[in-house]
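I opened the model to look up two things.

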Amino acid sequence: MNAEEVWGERWVSATAPMARRYMETAVRKSSLVCLAADRNTMTGLFNLIDDVADHVVALKTHVDLVDDWSPEAWDEFCSKATAADLLIFEDRKFADIGKISRSQMAGQYNIRTWADLVTAHLISGPDIVDGLQAGWGDAGRQGGVLLLAQMSSRGNLLQPDYTEQVVVKGKAHDGVLGFIGNGSRPAELNELRTMVGEGKLIWTPGVNLAVGDGDMGQRYGDPTEAVVAGSDCIIVGSGIHQAENPGLAAKAYARASWEGLMARNGL
Ligand code: S5P
């Protein structure tokens with residue numbers, strides 16, 4: 001099956017080049033998994049690519065938590081990820097005014113030169129998306145922003161009226177690839193999908209094959225249920241990188257997510 005057959009209306013409506021690149025890669029790998037690569041050594045990160053690349057579509061990084069980070073090692077890591085057909089997603093959760101966010105795309109980590117996707121909060125207003133897009137433009141590249149519309153963590157302050165405003169403003173912006181939704185609560189996700197419609201993607205952290213509470217306020221829901229409820233990508237961290245066999249775990253999450261997509265689209 002090609003991407004349009006698999007994704008249906010989402011493929012037709014989500015025309016952003018980065019959205020389509022994601023959806024095509026997902027079909028190639030039969031997976032809707034983004035790995036939250038939360039390891040704090042470069043060796044740990046390189047090992048993850050070796051273990052999981054066949055079953056994962058995107059790698060989500062937190063560049064500032066790597067103890068032995070260097071520009072050279074990071075370049076090599078990104079080249080290896082790209083060669084393994086992985087999108088690179090820096091979960092920077094930008095939140096400042098537009099011009100500062102643009103500058104923060106440069107600096108020591110120079111995110112604009114290697115990230116295909118970044119996260120942002122819309123707390124400072126929609127100019128942040130223009131700032132981030134200008135950052136990619138400064139490097140002659142294109143990228144997509146995922147706006148935090150919901151969060152998975154206990155007690156977060158992203159209330160329903162805030163979520164709605166993020167969705168209304170985000171839907172109107174071409175630079176927005178989609179939204180981060182709460183994968184631990186299918187009912188909340190259903191509501192988010194209704195608000196978002198078909199034109200933007202929803203990516204969801206807070207999923208684990210072992211549902212329930214995680215460390216320090218994290219909450220987990222079932223990956224298949226999240227996809228059936230409207231998620232287009234499950235973001236999985238410890239469920240994969242802390243597993244005894246990360247490759248096998250990635251494969252299990254890929255299968256769970258793919259079954260969700262097939263069920264959702266009646267395939
Ligand atoms: O609401 C959120 C948003 C994000 S991006 N909740 C989250 O947990 N995340 C990220 O997803 C978080 O930064 C981490 O990298 C990942 C979840 O990891 P896990 O180990 O709990 O699966």
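I started with Ser152: a polar atom of its side chain sits 2.7 Å from a nitrogen atom of the ligand. I kept in mind that this is a predicted model.

Next I looked up the ligand's oxygen atoms. I found one 2.7 Å from an N or O atom in the Lys60 side chain. For His62, I read 3.0 Å between a side-chain N or O atom and an oxygen atom of the ligand.

How much of the ligand's accessible area does the protein cover? On its own the ligand has 490 Å², and the protein covers 88% of that.

I then listed the surroundings.

I moved on to the helices. Helix α4 spans residues 42-52, and helix α5 spans residues 71-83. Their axes come within 10 Å and cross at roughly 10 degrees. Angles under 35 degrees count as roughly parallel, so I noted α4 as roughly parallel to α5.

Which residues make the contact? From α4 I noted Met42, Leu45, Phe46, Ile49 and Asp50. From α5 I noted Ala73, Trp74, Glu76, Phe77, Lys80 and Ala81.

How values were computed
Residues numbered from 1 in each chain as written. Predicted model: local features only at pLDDT ≥ 70, side-chain atom pairs only at ≥ 80, totals over all residues. Heavy atoms only, no water. Axes fitted to C-alpha atoms, helices over the stretch in contact; angles between N-to-C directions. Helix = DSSP H or I, 4+ residues; strand = E, 2+ residues; numbered from the N terminus. Parallel < 35°, antiparallel > 145°, perpendicular 65-115°, else oblique. Contact = heavy atoms within 4.5 Å. Polar contact = N/O pair within 3.5 Å; in protein donor to acceptor, adjacent residues only side chain to side chain. Areas by Shrake-Rupley, 256 points an atom, 1.4 Å probe, with all protein chains shown as cover.
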